[in-house]
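Look through the structure below before reading on. The briefing that follows groups its points by topic.

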Amino acid sequence: EAELEDLRRRRLTYPEPTQRLRGLILQELGIEARVLCELLEVPDERWQNAVEGYLHTRRFDLLVPPDAFDRALRVYEREKHRHGIHGVGLVNTGALLRERPRPEPGSLADEVVTDDPYARAYVDRLLGRVMKAEDEQELKRFAVAITPTCMTYRHHAARQIDFRIYELWYIGRRAFTRQRQVKEARLRELREAMERLKTASERVQRFLQCCGRKDERWALELWQQAARL
């Protein structure tokens, strides 16, 4: 319910380590670290799952200006154990700009739009060699490739990305609608499960009362046997 309320306020809920490190950088350096997924858009919805799935946890990497990277990294190193921060990428934006990665024509990077130069360079670095394949039969034409259904090909092995990774979208304007749909469905499931548990609990209590206190263990075992049947 809290996450749905955040969505109504146009706020996405990120993994805790990302939120903690972002907060610490702001608190100690006065710098707003940007989450990669906030800076991206995937115009063609057909490729959104592929971009979300291939980036996976890198969607939540943090970007700071080049002159702030060393200071932010010191904060990360100093506070990681105390705050349980791990798995978050802090991007060396200065090195990326110097490198100027050039994506291959037809790569997944082509499907990502951004006005941020740091995010552009990082996406080109991550997705610029991942070629788009229209179907699974086309995968083997490339060294590294992905289909719109998130079947990947790398090191001569095809592998499906876990559906749960891209079930929740975080990139672009469509992310809010998708997350709301998924989380509203999950909330309905949880409420129905709670109602079933409440009904079952009430039946158990009535059953135990009928049996008397001295037979409580026996009654509970009998109830469990009946439930299995």
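**Hairpins**

The strands β6 and β7 form a hairpin with 2 residues between them, and His155 in the turn has a positive phi of about 55 degrees. Helices (H or I, at least four residues) and strands (E, at least two) are DSSP runs, numbered from the N terminus. The model is predicted, so local features need pLDDT of at least 70 and side-chain atom pairs count only at pLDDT 80 or more, while totals for chains, interfaces and linings use all residues. Residues are numbered from 1 along each chain as its sequence is written, and side-chain values use heavy atoms, with hydrogens and water left out.

- His155 counts as exposed, at 68% relative accessibility; buried means under 20% relative accessible area, exposed over 50%, and partly exposed in between (1.4 Å probe, protein chains only).
- The pairing of β6 and β7 is antiparallel, over 4 bridges; two strands pair if DSSP finds at least two bridges between them.
- Thr152 stands opposite Arg159 in β7.
- Strand β5 (residues 144–146) also pairs with β6 in the antiparallel sense, over 3 bridges.
- Ala145 has Tyr153 in β6 as its bridge partner.
- The hairpin of β5 and β6 has 4 residues between the strands, and Cys150 there takes a positive phi near 75 degrees.

**The open sheet**

- An open sheet is formed by 3 strands in the order β1-β2-β3, with mixed pairing.
- At its edges stand β1 (34–35) and β3 (90–91), each with a single partner strand, so one side of each has no neighbour in the sheet.
- The strands β2 and β3 pair in the parallel sense over 2 bridges, and Leu62 stands opposite Leu90 in β3.

- The buried residues in α3 are Gln48, Ala50, Val51, Glu52, Gly53 and Leu55.
- Just after α3, His56 takes a positive phi of about 50 degrees.
- Arg100 has a positive phi of about 50 degrees too, although it is not a glycine.
- The position of Arg100 is in the loop between α5 (93–99) and α6 (117–127), and Arg100 counts as exposed at 66% relative accessibility.

**Aromatic rings**

- The structure holds 4 aromatic pairs; rings of Phe, Tyr and Trp (its six-membered ring) pair if their centres lie within 6.5 Å, and planes under 30 degrees apart count as stacked, over 60 as edge-to-face and the rest as tilted.
- One of the pairs is Phe60 with Tyr170, which is edge-to-face, at 4.8 Å centre to centre and 85 degrees between the planes.
- This pair links distant parts of the chain, 110 residues apart: Phe60 is in the loop between α3 (48–55) and β2 (62–63), and Tyr170 is in the loop between α7 (163–167) and α8 (174–211).
- Phe60 is buried, with a relative accessible area of 7%, and Tyr170 is buried, with 11%.
- Tyr14, Phe60 and Tyr170 are linked into a cluster by ring pairs.

**Charges over rings**

- The charged end of Arg178 sits over the ring of Trp169, 3.7 Å from its centre; a charge sits over a ring if NZ of Lys or CZ of Arg is within 6 Å of the ring centre and within 35 degrees of the ring normal.
- Lys132 lies over the face of Trp47, at 5.7 Å from the ring centre.

**Pockets**

- The largest pocket holds about 310 Å³ of space; a pocket, on a 1 Å grid over the protein atoms alone, is an open set of points where a 1.4 Å probe fits, with protein on both sides within 12 Å along at least five of seven lines, and lining residues have an atom within 4 Å of a point.
- Grid points are joined across faces, edges and corners, and a volume is the space filled by probe spheres set on the points.
- Its lining has 16 residues, of which Arg10, Arg11, Leu12, Tyr14 and Glu38 lie nearest the centre of the largest pocket.
- The lining of the largest pocket divides into 6 nonpolar, 3 polar and 7 charged residues; Ala, Val, Leu, Ile, Met, Phe, Trp, Tyr, Cys and Pro count as nonpolar, Asp, Glu, Lys and Arg as charged, and the others, Gly among them, as polar.
- The second largest pocket holds about 250 Å³ of space.
- Among the 16 residues lining the second largest pocket, Tyr54, Thr152, Arg154, Arg159 and Ile161 are the closest to its centre.
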